[in-house]
Amino acid sequence: MEELLFLVQNNDDIVLLITVVVFSAAITYVASKARRRLDIGEGEAAAGGGGNIPGRLGIPIIGETFSFLSATNSTNGCYDFVRLRRLWYGSCFKTRIFGKIHVFVPSPEGAKQILTNDFVDFNKGYVKSMADAVGEKSLLCVPHDSHKRIRRLLSDPFSMPSLSKFVQNFDQKLTQKLKKLEESGERFSALQFSMKMILDAMCNMLMSITEDSLLQVIERDCTAVSDAMLSFPLMIPGTRYYKGIKARQRLMETFRGMIGDRRGGKETHNDFLQSMLQRDSYPSSEKLDDTDIMDNLLTLIIAAQTTTAAAMMWSVKFLDENRDAQDRLREEQLSIAKNKLDGASLTIEDLNKMFYGLKVVKETLRMSNVLLWFPRVALNDCIIDGFEIKKGWHVNVDATCIHYDPELYKDPMQFNPSRFDEMQKPYSFIPFGSGPRTCLGMNMARVIMLVFLHRLTRGYKWTIHDHDPSLEKKTHVPRLRSGCPITLKALDDGK
Ligand code: HEM
């Protein structure tokens, strides 16, 4: 997906892209006049360009790029491109975007085949802008061997037992912030609020940063890096890429300074960074060097923030539209609160009692599809769902299609947390992916959402002030354009 999206981040990138694409297309067209077959959709099987997969490849290089760009630039969101083709061709279809053939894989069986064979038969496409922005040593970019080592060394703080301190801190901060917002009667964007909460919580957990002015700078710079991840990789002042790379340099300076202070004994903390530095004397297979640490600090902040904040925003909307679910959730949360002392923070044990809460989290993730599909490149020829896939083709695990499949989920467009009373078929619920690249932060995302749902429903009712369903343009994470503006009203019986 990155290759598709890095070109649609802003207008100047689009103009540049279109010029490049049109120019290359013209050259290719002239050079390949002999083929004389501009629309090679179904007929491309013989040329190895689409096999028996339904769909339309269009003219060389350009293919359906403009339709994709147009969907990405619309308030229906970029998944509209996929939805329409599913209607026209069926769930598994092929297309060509920016010169690459893409196949959308819509089944749990296909998802299993791709995700369990990650790094062996499939890999993530390498994207220059992404590696430049988050760093070559980021978990998102490193090759197989380093991935295994870095992932193992990063994992421990994200395991459920290690998250108890995080839960306490997050809960305290959230409780204070919500109370303040309710008392002020202020209208606020659920999305922006969640983005700020997650960034602050991640910086505190990873590096014990709590100073407001520094958090603001980090937030601004992380947003610039995040925007640059999928931008056109040319260092031209004013572009997203340029701003992102400059922001990255500033962030690396900050992280380097912190590492230096800790090594020099000026500061010690009980946090993620300290736990990494304590491994300094370990053999190289058991520790991360400074570049590994710095690139992955940045990766973790960015990977956590946009995804989890979007999911929190969607939970506010879904619960507002489904009052029965909201009431039932509130009932469960009030009964958990009843057994706690006034002012006591939530613990992992409390979260483990949120049976209905967890179903609300799952249903929110199923319906919101924060990551719409998971992009891979086939490393060998193979057959998926009975279709021939050629080496080098992009295969996208269409998580959204799986999550909306009426064969797997009855009334899939209905928000119904109780559907998770039943066990799911393998690979039919994959909001966090699966296999060696399963989301590293999935436990953290779950606890963040549970704490948020607890504090929101046990303490407040809320009113949404803009019901426009339009989505933000030019983003690959579906988010409401309005950000879901709300005001809070304290519950009389909230503790
Ligand atoms: C609701 C919130 C979240 C969702 C829906 C989500 C979803 C995902 C998915 C689907 C993947 C795999 C993508 C693929 O296979 O191509 C992934 C990877 C990843 N996520 Fe999350 N994520 C969330 C929150 C977080 C949080 C809180 C963190 C950080 C602590 C995080 C860190 C990561 C990292 C580092 C990876 C890359 C893992 C690897 O390549 O080994 N995510 N996430």
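**Close-up views of a predicted model**

**View 1. Cys439 and its contacts.** Leaving aside neighbours within four places in sequence, Cys439 is in contact with Phe432 and Gly433. As with everything shown in these views, this comes from a predicted model. Look for Cys439 in the loop between helix 17 (399–403) and helix 18. Cys439 counts as partly exposed because 18 other C-beta atoms lie within 10 Å, whereas a buried residue would need 20 or more. The UniProt record, an unreviewed entry, places the feature "binding site" at Cys439.

**View 2. The shell around the ligand.** Here we zoom in on the 24 residues around the ligand, of which Ala303, Ala304, Gly433, Cys439 and Gly441 come nearest. Two or more residues of this shell are given by each of helix 13 (290–321) and helix 18 (442–459). Helix 13 supplies the largest share, 7 residues. By residue type, the shell divides into 17 nonpolar, 5 polar and 2 charged.

**View 3. The largest nonpolar core.** This core holds 125 residues, and Met202, Val225, Ile301 and Met313 touch the most other members. Helix 13 turns up again here, giving the most to the core with 17 residues. At least three residues are drawn from each of domain 1 (2–105) and domain 2 (144–490). As a friendly reminder, nonpolar side chains tend to be buried together in soluble globular proteins.

**View 4. A closer look at Ile301.** Which residues does Ile301 touch, not counting those up to four places away in sequence? They are Leu199, Met202, Cys203 and Cys222. Met202 and Ile301 are both among the core residues that touch the most other members.

Notes
Residues numbered from 1 in each chain as written. Predicted model: local features only at pLDDT ≥ 70, side-chain atom pairs only at ≥ 80, totals over all residues. Near = placed C-beta within 6 Å. Helix = DSSP H or I, 4+ residues; strand = E, 2+ residues; numbered from the N terminus. Nonpolar A, V, L, I, M, F, W, Y, C, P; charged D, E, K, R; others polar. Core = buried A, V, L, I, M, F, W, Y, C linked by C-beta atoms within 7 Å. Buried ≥ 20, exposed ≤ 12 C-beta atoms within 10 Å, placed from the backbone. Domains from an automatic or database assignment. Contact = placed C-beta atoms within 7 Å. UniProt positions renumbered as here; feature names shortened; annotations may be inferred.
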